[in-house]
Amino acid sequence: MALFLFLVIVAIVLGLIGWVVHGLGYLLIIGVVVLVVDIVLGGVRMVRGSRRRRIR
């Protein structure tokens, strides 16, 4: 859970830096990619966790 929150914060910070400094647009793209990957991985972990609870 701590890693998930850390990655969300990193994505937001990179996105803000990329948006404020117009020459660093690639940081905005990297921030968005990190955020999307983080959300997908969090969803996969939630689905796996709910399956394990139902099986037991």
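Colleague: Why is Trp19 called exposed in this model?

Modeller: The model is a predicted one. Trp19 has a relative accessibility of 59%, and exposed means over 50%, so Trp19 counts as exposed. Trp19 belongs to helix 1, which covers residues 2-20.

Colleague: How far is Trp19 from Ile29 in space?

Modeller: The C-alpha atoms of Trp19 and Ile29 are 9.7 Å apart, with the two residues 10 apart in sequence.

Colleague: What makes Leu16 partly exposed?

Modeller: Leu16, also in helix 1, has 49% relative accessibility. From Leu16 to Leu27 the C-alpha distance is 8.5 Å, across 11 residues in sequence.

Colleague: How do you know that Asp38 has no salt bridge?

Modeller: The nearest side chain of opposite charge is Arg45, 7.7 Å away. A salt bridge needs a side-chain nitrogen of Lys or Arg within 4 Å of a carboxyl oxygen of Asp or Glu, so Asp38 has none, although Asp38 is buried.

Colleague: Where is Asp38, and which residues is Asp38 in contact with, leaving aside neighbours within four places in sequence?

Modeller: Asp38 sits in helix 2, residues 25-55. With those neighbours left aside, Asp38 is in contact with Phe4, Leu7 and Val8.

Colleague: How many helices and strands does the protein have, and what share of its residues count as buried?

Modeller: There are 2 helices and 0 strands. Of the 56 residues, 16% count as buried. The accessible surface is about 4,700 Å², and carbon and sulfur atoms account for 76% of that surface.

Note on methods
Residues numbered from 1 in each chain as written. Predicted model: local features only at pLDDT ≥ 70, side-chain atom pairs only at ≥ 80, totals over all residues. Heavy atoms only, no water. Buried < 20%, exposed > 50% of the residue type's maximum accessible area, 1.4 Å probe, protein only. Areas by Shrake-Rupley, 256 points an atom, 1.4 Å probe, with all protein chains shown as cover. Lys, Arg positive; Asp, Glu negative; His and termini not counted. Contact = heavy atoms within 4.5 Å.
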